[in-house]
Amino acid sequence: MNGIAGTMNDHAANKDLMARIRTALAVSEADREDANNSAVARLLMSSFLMLFLELALIRWLGANVVHLSYFSNFVLLGSFLGIGAGFLISRKEWSIWPVSLPLLSALVIGVLRFPVSIERSGSDVIYFTSLEMSGPPAWLALPVVFALVATILAGPAELVGRCFARLNPLSAYRYDLLGSLGGILTFTALSFMWAPSVVWGVIAMAVYLLLSNPRRRLVSGAWASALLLALIIETMQPGVSWSPYYKVRTEPVTAGGPGFLLIRANGVPHQMMAPAKWKVEQGERIYETPYLRLPDNSLEDVLIIGAGSGSDVAIALSEGAKRIDAVDIDPKILSIGAARNIDKPYQNPRVHRHVNDGRAFLESTDRKYDLVLFALPDSLTLVSGASQIRLESFLFTEEAMASVRRHLKPDGAFAMYNYYREPWLIDRLAGTAARAFGHKPCVDTFAGAQAVVSIGFDETNQQCLKTWKQTSQGEITPATDDSPFLYFRGNNFPPLYAITLIAILTTSLLTVRVLGGPLKPMRPYADLFFMGAAFLLLETKNVATFALLFGTTWLVNAMVFAGVLLIVLAAVEVTRKIKTPPLPVIYTGIALSLALAWAIKPEMLLPLPFWPRLVAATLIAFIPIFLANVAFAKRFRSSGDSQAAFAINLLGTIVGGCFEYAALFTGYDNLLIVTGLLYLAAFVLIPRDKGGEAAPAAA
């Protein structure tokens, strides 16, 4: 009996032990699930903050540091370096996150307190920037901005990297993409609403505080308050507002009298809104010259691209225009003209306003015009994500001039005027018009490089005081849709770019070496480095293509970036749920899709109606992106150290951002060849097992 009792006690003890083990396992599993859910929520918020902050810094710094408008790529590369550095830091015991918010506050307050105006002069690359220099010198201001941007972005990137370490690599990448997509869509919505910078700050600060350690939340709140106070002061300044492209400031010109208003965009004098009568009779002569050179023009139908605040429209009305299509890319500046122009041109029933890119409007309208006028359409910013495309780049190409000619009536004419800065630029524009129309235009110059180029559909439609004759030395070739670099003469690589890119690459290499240790252990991820470089170039090419096909508007740009993230997310989901082909097969698909994209030129798609053009452009652009990200997802899943793998991939994008400047000489189509070579290097460097598939990399 005692034996039986002992056996029964043993069974009871075993049952009790098993019950305790099951309870412990259940609690452990519940804790693990809670930990994973916490990591996912934190990953979504930190990746949202990372992308939102990157876009906000590109816009805000470009608006407040004159000349950075033309170097949004500069801030973008600083962001990439910071994100890559943040992932490397996430593998360490110390943290950069606590200094991210204080440095952001210090950057914003410092820029507002010590504004930087950089005067750029030189004959090789033309910038429409400040007429005088103030604040810290460029050699000091730009490196400080680059370093601060990188350090600030490293903070949220570190949090993303730490979440990566707690999750499956592909799951982590998936949530990172979802958070990033949320950041892009939120910033796009703010652009749509013309939201001021203080709204951007409120959203960023809310996420910062949610992610902060509760014990440090009071300190974080103090820094956030200082930042928001600075942005409130900026927003409340008289005449300050934001468009999707610029920080706009209006200043009444009391010396001119009623109706005079100076409009600054990103700190640079952009337009002088004044009564049409004053501009014609006492102001700058460029406004009246087109009508003097084209005296027999009936002006039944007039198209004005760069209509802005309406002064050019008012002059056209005073000259007798019967119907005017007034096109401008910036809705805010158009609204200022509608509300405050003393001549009230936009209230005239003969005027029809269009918020659109000028080239996109030309390609979408079937109307024929008696006069097409490019009225000072110069931008003070770049298309985000494409380092050399300005908002008006595709408006002055050889193909654009040919499109203008197709939209003219048989007795119609075309004219453009601006302060062009350099004689060679006048020769480029006049030569482009001569090629498109088949004869030389009239060219009138005032005060050096201020000029009017006028040309009739037929040579008999123009009456020149002076027919164009090239005055610049050497060959001045027209800009084209493939190389739309109007303001780059093309003789040599700009020294400013060379010095900047060398400094960025050197800084990136040192950052990887200091934070990641010796480079040799990162050899298993060398292919991911080249994939990052190739992907950035591919994205740049697609931004350029969509800007040409659908316009350089902020909405098109946002749609491209959101579309890229959705395609990348789709590639991750496919890789997670479906057995995909081996990497050699996928890389073969990448090569074929790149060859197809190179063979089908964007100009082949321009004549198509909108929806077929959109479908064709989307397929051509996104198939290689999808395949490339399937390959990346397969490699990333097999990585032994997701933090290091992702960091190396992001740092590769910095090299891709530097290679982007090769388009100045290769054109955008041939960037696809460079992209193909980078993907080939990635394929060659894949670590392989005996079966030829990617081998898991050691941690």
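A salt bridge, as I use the term, is a side-chain nitrogen of Lys or Arg within 4 Å of a carboxyl oxygen of Asp or Glu. Asp325 and Arg367 meet that definition, at 4.0 Å from N to O. I will come back to that pair.

First, the ground rules. This is a predicted model, where local features need pLDDT of at least 70, side-chain atom pairs count only at pLDDT 80 or more, and totals for chains, interfaces and linings use all residues. Residues are numbered from 1 along each chain as its sequence is written, and side-chain values use heavy atoms, with hydrogens and water left out.

The chain has 699 residues, and 57% of them are buried. Buried means under 20% relative accessible area, exposed means over 50%, and partly exposed is in between, with a 1.4 Å probe and protein chains only. The secondary structure comes to 23 helices and 11 strands. These are DSSP runs numbered from the N terminus: helices are H or I with at least four residues, strands are E with at least two.

Now the sheet. It is open, with seven strands in the order E7-E6-E5-E8-E9-E11-E10, and the pairing is mixed. Two strands pair if DSSP finds at least two bridges between them. Strands E7 (351–355) and E10 (442–446) are at the edges; each has a single partner strand, so one side of each has no neighbour in the sheet. On average, neighbouring strands are turned by 15° against each other, direction ignored. Axes here are lines fitted to C-alpha atoms, for helices over the stretch in contact, and angles run from 0 to 180 degrees between N-to-C directions.

Going through some of the pairs: E10 and E11 (residues 450–456) run antiparallel and are joined by five bridges. Within that pair, Asp444 has Val452 in E11 as its bridge partner. E9 and E11 also run antiparallel, with seven bridges, and Ala413 is partnered by Gly456 in E11. E8 and E9 run parallel, with six bridges; there, Val372 stands opposite Phe414 in E9.

Which strands does helix H13 touch? Helix H13 (residues 398–406) packs on the sheet against E8 (369–375) and E9 (408–419), and its direction makes about 140° with that of E9. Touching means contact, that is, heavy atoms within 4.5 Å.

Back to the charges. The structure holds 19 salt bridges. In the pair I opened with, Asp325 is in strand E6 and Arg367 is in the loop between helix H12 (358–364) and E8, 42 residues apart. Is Asp325 buried or exposed? Asp325 counts as buried, at 3% relative accessibility, whereas Arg367 is partly exposed at 33%.

Another pair is Lys409 and Asp370, with the closest N and O atoms 3.0 Å apart. Lys409 is in strand E9 and Asp370 in strand E8, 39 residues apart. Asp370 is buried at 2%, and Lys409 is partly exposed at 22%. Both pairs belong to a network of salt bridges linking Asp301, Arg323, Asp325, Arg367, Asp370 and Lys409.

Away from the charges, there is a nonpolar surface patch of about 500 Å², made by Trp598, Ile673, Leu677, Leu680 and Val684. Patches use residues with over 30% relative accessible area and no salt bridge; like charges are joined within 9 Å, nonpolar side chains (Val, Leu, Ile, Met, Phe, Trp, Tyr) within 5 Å. Areas come from the Shrake-Rupley method with a 1.4 Å probe, and for residues only the protein chains shown count as cover. Helix H23 (residues 671–684) gives the most to the patch, with four residues.
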